[in-house]
Amino acid sequence: MNFFWLKKHQHHFKSTGPSNAYQNLEKTSVLQETRTFNETPVNARKCIHILTKILYLINQGEQLVAREATDCFFAMTKLFQSKDVVLRRMVYLGIKELSSIAEDVIIVTSSLTKDMTGKEDLYRAAAIRALCSITDNTMLQAVERYMKQCIVDKNAAVSCAALVSSLRLASTAGDVVKRWANEAQEALNSDNIMVQYHALGLLYHIRKSDRLAVSKLVNKLTRGSLKSPYAVCMLIRIACKLIEEEDIPAEELSDSPLFTFIESCLRHKSEMVIYEAAHAIVNLKNTNPRMLSPAFSILQLFCSSPKATLRFAAVRTLNKVAMTHPAAVTTCNLDLEGLITDSNRSVATLAITTLLKTGAESSVERLMKQISTFVAEISDEFKVVVVQAICALCTKYPRKHTVLMNFLSGMLREEGGLEYKTSIVDTIITIIEENADAKESGLSHLCEFIEDCEHVSLAVRILHLLGKEGPFAATPSKYIRFIYNRVILESPIVRAAAVTALAQFGASCPALLSNILVLLGRCQMDPDDEVRDRATYYLSILNSEKPELYKNYIIERENCSLALLEKSLSDHLTGDLETSFDISIVPKAAIVKVEVPSDVMLVTSSAPRPPKITREEESAARLAQLPGIQVLGPIHRSTAPIQLTESETEYTVQCIKHIFGQHVVFQFDCLNTLSDQFLENVRVDLTLPEGFTARAVIPCPKLPYNELQTTFVIVEFPPDAGSSIATFGATLRFVVKDCDPNTGEPDSDEGYDDEYMLEDLEITVADQIQKTKKTNFQVAWDAADSEEWLQAEDTFVLSAVTTLQDAVNTIIKILGLGAANLSEKVPEGTNLHTLLCSGTFRGGAEVLVRAKLALSEGVTLNLTVRSTDQDVAEIITAAIG
């Protein structure tokens with residue numbers, strides 16, 4: 001009978017497919033079901049089902065408030081009376097999930113400790129993980145003895161659980177976990193591959209701040225033979241990190257024991273280790289073709305492997321290093337050609353994009369045609385890889401921009417997420433900025449895209465680009481329709497951006513001004529106040545018919561740091577409101593990327609990318625704590641850190657120079673690498689050149705072992721700008737107290753004065769200039785031909801460089817200016833070039849530079865500097881000489 005019923009309803013199961021039993025759960029009803037936990041005897045099967053629902057809700061992002069989580073947690077503790085193994089393990093999972101939300105979770109410590117030290121192995125590993133999730137620094141010492149026993153336990157699951165939990169605890173209770181190094185060392189000798197892997201991970205984490213200890217660990221393990229391939233892979237990564245830190249030159253690298261170990265892993269019996277070693281070698285910085293050859297041979301061999309995972313790993317690695325080692329990757333082109341038709345679309349995509357990066361110009365059309373046949377079938381992640389390859393190809397073969405731009409516009413019209421669409425728009429914008437011939441077609445493709453763009457951030461970005469580039473196109477009027485359509489059809493944010501773009505056309509194109517005024521007048525009737533305000537603001541400026549206002553408030557608006565603007569406004573509101581707010585005190589800062597160090601322990605990084613921030617924003621909070629810093633005015637710029645000591649010395653010091661209008665604040669970040677010393681009253685004494693005046697020295701009161709602390713020195717510049725280029729001598733002074741390496745506490749109150757010589761410090765022209773980027777340099781240059789601007793001119797022979805591109809790079813580096821009109825890139829095959837750049841000197845003096853370069857037997861430079869300050873123009877000219 002059941003058989004006939006199944007046959008009858010078979011079509012129903014086929015059409016509906018599998019369903020999720022937990023899909024329509026409600027938090028309130030599930031929490032009410034937890035009352036079942038109080039029943040006696042415990043119904044294990046029913047309680048398991050309820051716990052599953054709770055865990056499902058939490059993992060789907062359902063938020064429990066503290067009271068709900070606490071009630072649920074305490075109800076769950078009643079289930080410890082049941083001996084059911086599955087239920088007990090579910091309780092452990094519930095405790096782990098609720099431990100960060102519920103209150104008074106330490107109540108279950110004794111129950112978990114009992115399970116952790118009991119004879120039931122099925123309980124022990126899970127109990128360890130749950131216990132460590134609720135343990136804090138104060139409680140950890142109570143279970144320290146049990147944790148040490150579990151780390152060396154004969155049961156592999158228990159040992160792994162203890163090791164991984166210790167690794168997690170190390171971030172909050174590092175001092176306690178460091179005492180478990182002997183047990184971790186013993187676990188490293190285990191025959192179980194996972195125990196050995198986790199033990200190495202814990203040992204490295206404990207010792208990673210002590211470079212000498214890490215080196216000893218690696219040297220010891222490289223001479224032995226680790227059984228775990230996972231541990232060997234981690235050892236390869238640690239060895240690579242040490243090689244990069246030592247910065248060994250290529251000629252000495254082949255003799256390094258660490259590199260010899262990595263190279264020997266190419267002959268390991270495990271494919272995982274062989275790949276890890278090959279991947280590590282091709283990604284090392286200081287290598288030569290002879291050292292790379294064996295690694296690329298391995299990757300080439302893996303490209304023809306029957307295993308899809310090995311093919312994917314090999315081609316992905318080749319794809320990543322195709323731009324850094326093109327000649328070596330080219331030797332694999334034949335194998336990559338064979339992977340174009342691979343059944344795995346991910347492998348095929350990576351193969352084609354690698355060929356795009358390394359192939360000849362004549363093969364571009366063929367490869368683009370092949371990839372277009374299946375690009376719709378691959379995921380967004382791999383579409384982004386394709387787009388990145390096209391971006392690299394446009395830089396390499398600018399004449400192919402038409403083919404590549406058409407392909408990108410086709411991809412824009414397809415379905416896809418924000419990240420995918422953003423990568424395409426980024427690439428088109430890059431092509432427009434780098435290739436003047438591609439501007440018209442690129443802007444046209446972007447105009448078509450915003451007609452149907454569903455992503456607000458992209459629409460705003462494209463409108464900004466249209467406002468910047470459109471007025472200087474051959475026929476600027478054709479873009480007005482696309483922009484005004486956004487005012488009619490889009491959300492308030494997009495409408496506001498469209499109004500700004502229209503104003504830029506009105507300011508830059510006199511022929512279109514009357515039409516733009518009509519359109520902006522209509523925008524004054526917009527229902528959104530931001531759009532109305534912008535339209536009124538721009539109308540009043542455009543109706544003034546004053547080019548100077550157009551330039552300062554529409555065409556070349558200087559964007560100040562938003563974070564520092566917010567802080568300045570907050571300070572103003574809490575201060576004297578009788579004085580008006582002065583926006584000029586907010587720094588105009590260039591955007592810089594913050595590097596995110598990827599720990600060698602991590603295989604992948606799932607953390608979101610941090611937003612781009614300025615160095616000034618990064619330093620604002622720290623500088624705000626300095627007494628009297630407000631009188632110095634706004635930060636002009638902050639330089640990148642420079643090392644004043646070697647990385648292996650007893651004390652390491654790096655310096656950041658914060659440039660203000662008339663002062664410089666030297667920020668010295670100090671690190672004590674000696675565990676048996678405790679430093680106090682740490683400061684840097686500077687030998688000041690003539691004209692400079694020390695205004696304050698702010699010492700660091702205490703500098704314990706391995707803690708980064710900061711001391712500051714505030715110095716006033718000389719009155720004349722010409723004397724501001726100088727070199728400072730520097731000495732680190734401090735009081736030394738001997739201390740216990742384990743506790744870090746000084747042995748006595750008595751200490752002795754000591755000092756440590758540092759490298760000399762320099763203040764250069766580039767330190768004092770904040771680079772700017774003029775959207776239309778020629779207009780700014782012509783406007784500077786007036787009485788307000790002063791000019792300096794000189795001719796030089798640059799004997800240290802042999803190419804025009806090297807000369808351009810050197811000039812930009814010395815002067816610290818921002819290049820305009822893509823003049824930082826010298827076209828191939830030319831003997832003449834003009835570099836155009838601009839910036840702002842501390843104090844607000846604007847600087848424009850035109851550098852005419854000619855290549856014959858050497859490079860001849862004719863430098864013309866225009867500035868609002870004669871001294872500034874002269875020191876910029878003198879900086880080249």
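**Around strand β15**

Start with Gly-818, which stands opposite Ser-838 in β15. This is a predicted model, in which local features need pLDDT of at least 70 and side-chain atom pairs count only at pLDDT 80 or more, while totals for chains, interfaces and linings use all residues. Residues are numbered from 1 along each chain as its sequence is written, and side-chain values use heavy atoms, leaving out hydrogens and water.

The pairing of Gly-818 belongs to strand β14 (residues 818-819), which runs antiparallel to β15 over two bridges. (Strands are DSSP runs of E with at least two residues, helices are runs of H or I with at least four, and both are numbered from the N terminus; two strands pair if DSSP finds at least two bridges between them.) Strand β12 (residues 769-772) is another antiparallel partner of β15, joined to it by four bridges. Within that pairing, Lys-771 has Gly-839 of β15 as its bridge partner.

Now follow the chain onward to strand β16 (residues 845-855), which is antiparallel to β15 and joined to it by 10 bridges. How enclosed is strand β15 by the rest of the structure? Eight of its 10 residues (832-841) are buried, so strand β15 is largely enclosed by the rest of the structure. (Buried means a relative accessible area under 20%, exposed over 50%, and partly exposed in between, with a 1.4 Å probe and protein chains only.)

**Two packed helices**

Next, please turn to a helix pair. Two packed helices are described by the angle between their axes and the distance between the axes. Here helix α15 (residues 229-246) packs with helix α17 (residues 257-264) at an angle of about 145°, and the axes are 10 Å apart. (Axes are lines fitted to C-alpha atoms, for helices over the stretch in contact, and angles between N-to-C directions run from 0 to 180 degrees.) From α15, the residues that meet α17 are Val-232, Leu-235, Ile-236, Ala-239, Cys-240, Leu-242, Ile-243 and Glu-246, and on the α17 side they find Leu-258, Phe-259, Phe-261 and Ile-262. The residues of this contact divide into 11 nonpolar, no polar and one charged. (Ala, Val, Leu, Ile, Met, Phe, Trp, Tyr, Cys and Pro count as nonpolar, Asp, Glu, Lys and Arg as charged, and the others, Gly among them, as polar; contact means heavy atoms within 4.5 Å.)

**Buried residues in and beside helices**

Let's visit helix α6, where Leu-98 is found. Leu-98 counts as buried, at 0% relative accessibility. Setting aside neighbours within four places in sequence, Leu-98 is in contact with Ile-58, Leu-64, Ala-69, Cys-72, Phe-73, Met-76 and Val-105. For a sense of scale, the C-alpha atoms of Leu-98 and Pro-827 are separated by 62 Å, and the two residues are 729 apart along the chain.

Ser-99 lies in the loop between α6 (85-98) and α7 (109-116). Ser-99 is buried too, with a relative accessible area of 14%. A polar atom of the Ser-99 side chain lies 2.9 Å from the backbone oxygen of Lys-96. (A polar contact is a pair of N or O atoms within 3.5 Å; within protein, one must be able to donate a hydrogen and the other to accept it, and residues adjacent in sequence count only if both atoms are side-chain atoms.) Not counting residues up to four places away in sequence, Ser-99 touches Val-105, Ser-133 and Ile-134.

Thr-317 lies in helix α20 (residues 308-321) and is buried, with a relative accessible area of 2%. The backbone oxygen of Ala-313 lies 2.9 Å from a polar atom of the Thr-317 side chain. Beyond neighbours within four places in sequence, Thr-317 is in contact with Tyr-275, His-279, Val-282 and Leu-299.

**Backbone details**

Finally, some backbone geometry. Most residues other than glycine have a negative phi, and most peptide bonds are trans. Yet Thr-40 and Pro-41 are joined by a cis peptide bond, with omega about -5°; Pro-41 is found in the loop between α3 (27-33) and α4 (44-59). Asn-681, in strand β5 (residues 677-687), has a positive phi near 50° and is partly exposed at 33% relative accessible area. Asn-706 has a positive phi of about 65° and lies in the loop between β7 (700-703) and β8 (709-716). With a relative accessible area of 29%, Asn-706 is partly exposed.
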